[in-house]
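Morning, everyone. I have one structure to go through today, so let me put it on the screen.

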Amino acid sequence: MAIQVRILPPSALFISDPQGTDLGKRILANSISLINKVGLEDFTFRKLAENIGSAEASVYRYFSNKNQLLLYLTNWYWDWVHHLVVQEMVKERDPWLRLKAAIGVLVRPYSSKMGADYINQAELHQLIVNEGTKAYRTKLVDQKNSKGLFWGYKGLTEEISKMILRIDPQFRHPKALASSIFEMAHDHPFFARHIPRLTDLENNEDISDRLEEMLWIWTTKLLGRSPQKALGTATSPCRVFVTRNLKADSALRHWADVSGNIITGRSLLKFAQVPFEVPAGADWWFFYSSKAAEFSLFSVTLPDNVRLAAIGEGTAKTLRELTGRVDFVGKGSPVRVAEQFKAIAEGDRVFFPRAKKSLLTIQRLLDEHVTVLDAVCYDNEPIVVTEPIEADVFIFTSPMNVGAYLDQQELAASTRVLAIGGRTAAALYQRGYSADFPKTPSEQGLVEILAEGSA
């Protein structure tokens with residue numbers, strides 16, 4: 001089954017949200033095909049209404065004019081491509097391979113199985129090739145820009161420019177290069193079909209491979225480096241900051257000592273113990289973090305015969321230090337951990353001592369399979385960060401640490417960002433940042449990424 005992605009352009013681009021009704025979705029779908037057929041100049045709402053078997057007035061309930069409709073479709077496209085770029089980017093760790101994957105998306109923004117089933121991405125791409133520049137090359141461009149109507153394009157350009165700076169932090173024109181790559185991805189298919197003397201591409205049925213090759217050669221030449229050479233000569237970061245208080249035997253601290261790099265670690269959260277009552281009759285105590293283990297086991301006596309579960313080796317290590325044992329260690333994503341735990345705890349009573357602001361991910365995943373017993377044993381609040389933290393590599397260890405820092409400061413464009421796991425990476429993406437993260441959410445997984453970057 002295809003995954004449905006919800007993309008909503010700025011509210012200034014519609015009178016009523018067309019994606020909220022069946023008629024609105026038909027208007028979007030048919031407007032794309034009709035504009036491709038007759039061109040924007042000959043396209044009218046009357047023709048569109050006839051095409052969908054509705055009254056012309058019904059179209060005006062969603063859009064005030066065809067230029068607003070075009071800008072809506074163009075914004076949808078920009079956000080869609082941005083989404084695909086991020087999806088492909090997280091599959092690669094090397095910045096050159098990330099940039100190459102992004103270029104592949106720009107020339108083929110219609111190959112994914114994800115999207116809205118009422119938007120034909122291939123037809124929308126064709127519309128952008130033929131008509132897209134008319135959405136912003138108008139006399140009203142400054143007025144529209146002041147309303148934030150080109151944020152989708154600017155966000156996509158910023159994403160690609162960050163990749164370029166990851167390759168060469170000293171490159172002086174990352175945004176110009178990023179926007180030029182995007183424009184060329186649409187200009188040259190148009191030239192090949194209509195003004196062939198302006199391009200070296202031939203008007204074949206599918207010119208995507210040649211276009212990707214051309215953009216890749218052009219981009220690497222401008223950056224002045226060979227991607228094959230760069231893949232093997234990346235330098236290690238000098239300064240690494242991690243949002244965690246590092247213990248003496250920390251894998252990250254050991255990596256820094258061995259590699260000669262400088263690492264600093266401190267949590268951006270403050271913690272306070274919260275009194276709680278231990279539920280009776282629990283078969284398991286399930287711990288999300290070392291903090292949960294420390295705060296809950298510090299003030300209470302562990303009941304006899306209860307089994308102990310932990311997410312990750314770090315939490316498991318803390319449990320062994322405090323109790324001498326651990327009966328289950330979940331590894332991987334929350335979904336995978338829930339599946340692993342469900343196999344041995346189906347029907348049991350499971351107590352989750354947790355932070356006040358926990359996302360309750362595992363509880364929700366297990367709710368239908370175990371009896372969830374819940375209590376808050378500690379509170380976690382962000383500390384005040386008065387000045388930016390200077391680092392070549394910034395490692396976030398939880399979604400709360402992401403918010404604690406990025407709600408108060410910004411990261412430099414050249415900073416490499418790592419996340420300990422997928423949820424933390426998602427929190428970064430929601431704030432406009434992309435991050436590498438290991439398959440297993442652990443310090444050792446982070447070390448492997450850092451080691452690859454310095455190989």
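R354 is buried, because its relative accessible area is 12% and the cut-off for buried is under 20%. Keep in mind that this is a predicted model. The residue lies in strand 7, which covers residues 349–355.

What does R354 touch, leaving aside its neighbours within four places in sequence? The contacts are L360, Q363, and then D374, A375, V376, C377 and Y378. With D374 there is also a polar contact between the side chains, at 2.7 Å. As for E294, it is 60 residues from R354 in sequence, and the C-alpha atoms are 11 Å apart.

At the strand 6 end, strand 5, residues 307–311, runs parallel to strand 6, and three bridges join them. A310 stands opposite V329 of strand 6.

Last item, the largest nonpolar core. It has 69 residues, and F63 and V81 touch the most other members. Several helices give two or more residues to this core, among them helix 1 (22–38), helix 5 (95–107) and helix 9 (174–194). Helix 4 gives the most, with 14 residues. Not counting residues up to four places away in sequence, V81 touches V105, L106, P109, L156 and F182.

That is what I have. Questions, please.

How values were computed. Residues numbered from 1 in each chain as written. Predicted model: local features only at pLDDT ≥ 70, side-chain atom pairs only at ≥ 80, totals over all residues. Heavy atoms only, no water. Helix = DSSP H or I, 4+ residues; strand = E, 2+ residues; numbered from the N terminus. Buried < 20%, exposed > 50% of the residue type's maximum accessible area, 1.4 Å probe, protein only. Contact = heavy atoms within 4.5 Å. Polar contact = N/O pair within 3.5 Å; in protein donor to acceptor, adjacent residues only side chain to side chain. Core = buried A, V, L, I, M, F, W, Y, C linked by side-chain atoms within 4.5 Å. Pairing = 2+ DSSP bridges.
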